[in-house]
Amino acid sequence: MIINHPLLGPRDAQEFTFLGSASLIDRPDWQAEDALEQFSDYTYLRNDTGGENRELWFHEAGDRSWLVVTRNTFTHEITNVEMASDVARARGRSK
Amino acid sequence: MTYTNRADGSQINQPTARAQTGAHSGKTQVNRLAGGQIDQQSSINFSFDGKQYQGHPGDTLASALLANNVRLMARSFKYHRPRGVLTSDSAEPNALVELRTGARQEPNTRATTAELFDGLVAKSQNRSPSLKYDFMAINDRFSNFLTAGFYYKTFMWPVSFWEKIYEPIIRKAAGLGSLSLEEDPDEYDKGFLHCDLLVVGGGPSGLSAALTAGRAGAQVILADEDYLFGGRLNGETFGIGEQSGQDWVAATVAELHSLPNVRCMSRTTVNGAYDHGIYSAVERVSDHLPVPPEGKPRQILWRIYSKRTLLCAGAIERPIAFENNDRPGIMLASAMRDYANRWAVTAAHKVAIFTNNDDGHRTAVDLIAKGVKVAAVIDTRADAPRIADCELLAGAQVIDTSGRLGLKFIKVRLADGSERSIECGALGVSGGWNPNVHMTCHQRGRPIWNEQISAFVPGEDSIPGMTVAGAANGDFSTAAALETGSAQAVAALGDLGIKTSKIDLPQAEDAPVNIQPFWHVRHGKGRAWLDQQNDVTVKDVKLAHQENYRSVEHLKRYTTLGMATDQGKTSNMGGLAIMAELTGQSIPETGTTIFRPPYSPVAMGTWGGRARGKDFHPVRETPSHKWALENGASFVEVGNWLRVQWFSQPGETHWRESVDREVRAVRASVGVCDVTTLGKIDIQGTDAAPFLNTVYANAFAKLAVGKTRYGLMLREDGNAMDDGTTARLSEHHFVMTTTTANAVEVYRHMEFVRQCLFPDMDVQLISTTEAWAQYAVAGPNSRKLLQKIVDPEFDLSNEGFEFMACREITVCGGLRARLFRISFSGELAYEIAVPTRYGDALFRRIMEAGKEFDVVAYGTEALGVMRIEKGHAAGNELNGTITALNLGMGRMVSKKKDSIGSTMSEREGMNLPDALNMVGFKPVNSADKVTAGGHLMTKGTPVDAEHDQGYVTSACYSPILNSSIGLGFLKDGANRMGEIVSLVSPVTNLNVDVEVVNPQFVDPEGVRVRA
């Protein structure tokens, strides 16, 4: 596969390591009333749907950016690649 | 001239053939004709099964053997039936041979693609003692028992027979060729290529496409598996424009070679279509030579990045199944034509043709033109046209053949039902052509049935970025191939924004496809072969149907149809057509099995490339590596690192002697160990402290500048991930160490926390593992030793540089260095770091300065013994299921802050009263050993999983305690000190009594580290 890195352009997927669902960005608030339940879901529960998925890829043999890659798991078509830090900010993770 | 010993057994005078025979062919090449794309002026020698033969440059092994009247080339896999060539190309199922000798011996090579070179040694396989007399041919007599599913049905019982009786017999009988078992002396490479347009196949469509794109200035790669470009044009007599087909190919290839933007790759098979325009290809750089030229690899595995790909892979002719259709001499009609036109060879001087379409007649026409007698064209169609100047038997079928080691007679059932025997030494069979859709299915694309040509053609958009042209797309005529090749190239370049137009297309053959589908002859009870490599017959397909294995995927697995090295290139279609007949479904309803890469077999060496032997993976050497080599080190691989395990001194005969000496020396005086391999991460920024507070379970924000602290890192699920020490060099600058094994994962995890969870923290990370050489200097005399190394302005006294202190210093007169007072051994100890390029010099300086203290260098074994003696957890303990509580560090997990894993570590199940605690173990009987991996049982309880109390993770012999000792996890272990428990391993019959003790065997009060 080829991942079109937002900063570096098209790079071979061999340069990356895969982590999993981009939902890992949405880490719960440790002080929430039901923090333990939220963390359980966050750690163990995933929507297991084929088709378009948002995934976390790490450019380990490159610039060490974490990327959010939108990829169709049926066709491997990649429709969007974003910097994970931008996604995290957009999802309210700025302090 | 009279030909003797001819394949068809006849002795006839044939002056025309004599006149056309090449002058240098001599008497041995009795089947050599005139012309061909070979050099008949020069001869080369080769041997097959020990017998010497001659051929010509341009021959394949198959064509040269046929020229020498050798039709019998192999024995089949299961029944050991005598077999010859079926094809003239890579689709060959039968003629698999062993090439070369010694370490270069290569099994299962297709004689049809092996280029002849002077001195080539070839051998047949799967026979004993010889091709002509093969003991295992007895299997053929028992074929009624060896039908499809035989293995599944027969070897099921008795169960105990499998391992002892059935498996060894099957293993012995399985496989075809044999391996030399010597190391391959050749090199294999991997390479990367990029292009605008990849053209797969260099026949008329591929050449036309490459020329179109090449002239437009696009970056083009043209790849063909053959050693000659031209595809079918090499085997046909067609002209193109005013030129012969071969002249047109030569002129086109010459122009392509002149274009710097076109790369022509012959002997290169494009094997697989992967995601996003990536293709794999194998280039056989030196297979056609006795030995690769100096500095050249044998083969190259290419990874081709293409923006667009045009598949011009042509078509593969399919046979018709009839009784005993597998005798040497029976081959595809196109192969017969290839051998005559391209290699000037006929398998026999009297042949016949069996066809259901017009194309089969071409073979008759071409062979007659070459002076070969065509006894008859047998056409299944009642209205078959008369095309060749020979007898035509319309509406007839070949119903049987004879000839033990090669074809002698065919039996034909004529249109009126009468039977006739025809003498011939070779039979060309044509059941029509299948577009070569293989690669269009590599991403689960499904081909579609085209009624007009009675064959599957590629589905639309099977592979993004790939289009198909020529015969591969069902456009069978030469004119259509040229046209579609050029047109598809124009379209593909158009996608890339390169505007161009079709080339001027020369006049070419444009015959329509005229075929009446015909798959197998219904006659008698004999066997009609579909998959000749795996010995699958029409009867096997019927049996599969009868036993309800009716989907094509089941049919394939049950009968092994198409599962051989040729992947059923010539047989799949026939098998599924027969299944369609049996089920009453149409062929498209029946469907095809999935084609998967690689298109043709790839040698293991090619996949491996250079990654073998010492180059299997990169080696990381520590800064003291050279010194270690000079001083008797034994090494151990830790990931890619080579670490010293121990240093042997003269007179030491056992590793334990060396390790015990190193441990005693450290505890008595001082020792040095290279700990560079520990991961080092430099952490800087105004938020560095809060960041560390997040990744470590214990508190770090208040760590004073100039101090080091042990840190425990958890995964989000609350289990321990890694541990290490982190030093605060200044307010906003920390240096972390990780374990050697987890250096990469920890760094990745910290970047995840930084970028994905806290994107606006002001903190930067960089791995400095290889930037600093770091040595542990441990033992009561370590301070005295370091005082000789560290520049005098730095106070190393206990007050001036206390336990857990860190500082940037200089050594050896001004070299910048870092000093940490940390201890893994439990002794007074330091770790000292200098830039890596000074690492070797510093190690030597320390060893020199330490002479007066009898300093020793120690390896990972002594390091391990001392950390077990001190009760420090390491990789064995941090096994992924262990919590801070288990490690006795439950209270370290701060509840006042948010850190990774802190919330989940509060889960009830992780905090049960009988949770595992890390404890130490000593054998009750000092002669016994503590064994890592053994499980712990309360005395007197049954030894089973239900009563399991824990397990031992680390064990060693302590030369200080003169006893075997261990660390491990025991339920509620902290409250069971002094208890005697059983250490068991039912697998190894281990059962010894051990005492539960404090894991800190040495200096539990921690006096020495603070000395």
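Me: Before we start, what should I know about the model and the numbering?
Reply: This is a predicted model, in which local features need pLDDT of at least 70 and side-chain atom pairs count only at pLDDT 80 or more, while totals for chains, interfaces and linings use all residues. Residues are numbered from 1 along each chain as its sequence is written, chains are lettered from A and ligands numbered from 1 in the order in which they are written, and side-chain values use heavy atoms, with hydrogens and water left out.

Me: OK, chain A then, how many helices and strands does it have?
Reply: Chain A has two helices and six strands, where helices (H or I, at least four residues) and strands (E, at least two) are DSSP runs numbered from the N terminus. Along the sequence these elements of chain A come in the pattern β-β-β-α-β-β-β-α, and its C-alpha atoms fill a box of roughly 45 × 30 × 20 Å along the principal axes.

Me: And what share of chain A is buried?
Reply: Of its 95 residues, 44% count as buried, with buried meaning under 20% relative accessible area, exposed over 50%, and partly exposed in between (1.4 Å probe, protein chains only). Chain A exposes about 5300 Å², of which carbon and sulfur atoms supply 46%; the areas come from the Shrake-Rupley method with a 1.4 Å probe, and for residues only the protein chains shown count as cover.

Me: Now chain B, what do the overall numbers look like?
Reply: Chain B holds 22 helices and 50 strands, and its C-alpha trace spans about 110 × 70 × 55 Å along the principal axes. Buried residues make up 59% of its 1011 residues, and the chain exposes about 40900 Å², with 52% of that supplied by carbon and sulfur atoms. Its 104 positive and 114 negative side chains have centres that lie 3 Å apart.

Me: Which domains are assigned in chain B?
Reply: The assignment gives domain 1 (18-141), domain 2 (188-315 + 435-495), domain 3 (519-583) and domain 4 (912-1011), with bounds taken from an automatic or database domain assignment. The C-alpha centres of domain 1 and domain 4 of chain B lie 69 Å apart.

Me: Switching to electrostatics, how many salt bridges are there over all chains?
Reply: The structure holds 63, a salt bridge being a side-chain nitrogen of Lys or Arg within 4 Å of a carboxyl oxygen of Asp or Glu. One of them joins Arg620(B) and Glu770(B), whose closest N and O atoms are 2.8 Å apart. Arg620(B) lies in strand S31 (residues 620-621) and Glu770(B) in the loop between strand S39 (764-767) and strand S40 (772-778), so this pair ties together parts that are 150 residues apart in sequence.

Me: Is Arg620(B) buried or partly exposed?
Reply: Arg620(B) is partly exposed, at 28% relative accessibility. In another salt bridge, with a closest N to O distance of 2.4 Å between Glu652(B) and Arg661(B), both residues are buried.

Me: What about helix H8 of chain B, why is it called largely enclosed?
Reply: Nine of the nine residues of helix H8 (residues 333-341) are buried, so the helix is largely enclosed by the rest of the structure. Among those buried residues are Met336(B), Arg337(B) and Asp338(B).

Me: Last one, where does Ser47(B) sit and what is it in contact with?
Reply: Ser47(B) is in strand S1 (residues 44-48) of chain B and counts as buried at 6% relative accessibility. Leaving aside neighbours within four places in sequence, Ser47(B) is in contact with Gln52(B), Leu120(B), Val121(B) and Ala122(B).

Note on methods. Lys and Arg count as positive and Asp and Glu as negative; His and the chain ends are not counted. The place of a charge is taken as NZ of Lys, CZ of Arg, CG of Asp or CD of Glu. Contact means heavy atoms within 4.5 Å.
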